[in-house]
Amino acid sequence: MALAKTEFELKLVGPASDVAAVPSFGWLKEDALGPGDWSRLVTTYVDSADRRLHAAGLSLRIREEAGVRTLSAKVSRSGAGAILRVETERVLDGSDASFVTGVGEIDEIIGLRPDDLVLIARTVTDRWTVLTSKLGALVEVSAEIGYAKTFGAAPRTSPIAEVELELLRGDGSALFVLAERFIEAGRVAHTVAQLAPFYWL
């Protein structure tokens, strides 16, 4: 049986030039627990044609990073809000294309009609990630620049430039303190949980 965890994160968006400057922020380096690392992420999102997973509050994706494919699912519980979600993931072996996560409440949604799932979108980003300590909390800070492409009857491409703050341990108030610093440092604007006009998380 796979384990699910509750994810708490904030996202900020802004010009690509401001997001690209994040690794050079001196105030961020002061609390960083290392130099940070860059990686290339290719993420494929799936849903049914009638978007039944999205309607159920579920985001289902396969992420490829450094040759490793990981199936991830995130679902918002009723009344929990967009920044608090249940998340699970598992590494896919070889050509495994199964969407089974092992978490009952998630697989119940997927399993209603698993054969109707299709590719709906893909993102390709270069991501810089660092761990930081703030107010006694452990936070993963990432800056991503790239693009998103939707598929279907009206395909479109849109740029991605965002900063993500994810609480790994401690008090969630640390995320809001960090968000304020980023907003003061550049032209990023706080947005909760999703990057318009796309709905995935």
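Student: How many helices and strands does the protein chain have?

Tutor: Five helices and nine strands. Helices are DSSP runs of H or I with at least four residues, strands are runs of E with at least two, and both are numbered from the N terminus. Along the sequence the pattern reads β-α-α-β-α-β-β-β-α-β-β-β-α-β. Before we go on: this is a predicted model, where local features need pLDDT of at least 70, side-chain atom pairs count only at pLDDT 80 or more, and totals for chains, interfaces and linings use all residues. Residues are numbered from 1 along each chain as its sequence is written, and side-chain values use heavy atoms, with hydrogens and water left out.

Student: Why is Thr101 called buried?

Tutor: Buried means under 20% relative accessible area, exposed means over 50%, and partly exposed is in between (1.4 Å probe, protein chains only). Thr101 has 6% relative accessibility, so Thr101 counts as buried. You'll find Thr101 in the loop between β5 (84-91) and α4 (104-110). Its C-alpha atom is 9.8 Å from that of Leu60, 41 residues away along the chain.

Student: And what makes Leu168 partly exposed?

Tutor: Leu168 counts as partly exposed because its relative accessibility is 40%. Leu168 sits in strand β8 (residues 156-169), and together with Leu33 and Leu131 it forms a nonpolar patch on the surface.

Student: What makes that a patch?

Tutor: Patch residues have over 30% relative accessible area and no salt bridge; nonpolar side chains (Val, Leu, Ile, Met, Phe, Trp, Tyr) are joined within 5 Å, like charges within 9 Å. A salt bridge here is a side-chain nitrogen of Lys or Arg within 4 Å of a carboxyl oxygen of Asp or Glu. The three leucines have about 260 Å² of accessible area together, with areas taken from the Shrake-Rupley method with a 1.4 Å probe, only the protein chains shown counting as cover for residues.

Student: Why is β7 described as largely enclosed?

Tutor: Because ten of the 14 residues of β7 are buried. Strand β4 (residues 68-75) is mostly covered too, with six of its eight residues buried.

Student: How do you know which strands β7 pairs with?

Tutor: Two strands pair if DSSP finds at least two bridges between them. β6 and β7 are joined by 14 bridges and run antiparallel, and β7 pairs with β8, also antiparallel, over 13 bridges. Thr132 has Val139 in β7 as its bridge partner, while Ala148 stands opposite Ser158 in β8. In the β7-β8 hairpin, five residues lie between the strands, and Gly152 in the turn has a positive phi of about 120 degrees.

Student: What makes a set of residues a nonpolar core?

Tutor: The members are buried Ala, Val, Leu, Ile, Met, Phe, Trp, Tyr and Cys residues joined through side-chain atoms within 4.5 Å. The largest one here has 23 residues; among those touching the most other members are Val139, Leu165 and Phe182. Elements giving two or more residues to this core include β7 (137-150), β8 and α5 (173-185), and α5 gives the most, with five. Another core, of 15 residues, lies apart from it and includes Ile62 and Leu92.

Student: What is Val139 in contact with, beyond its neighbours within four places in sequence?

Tutor: Contact means heavy atoms within 4.5 Å. On that criterion Val139's partners include Val130, Leu165, Ala174 and Leu178.
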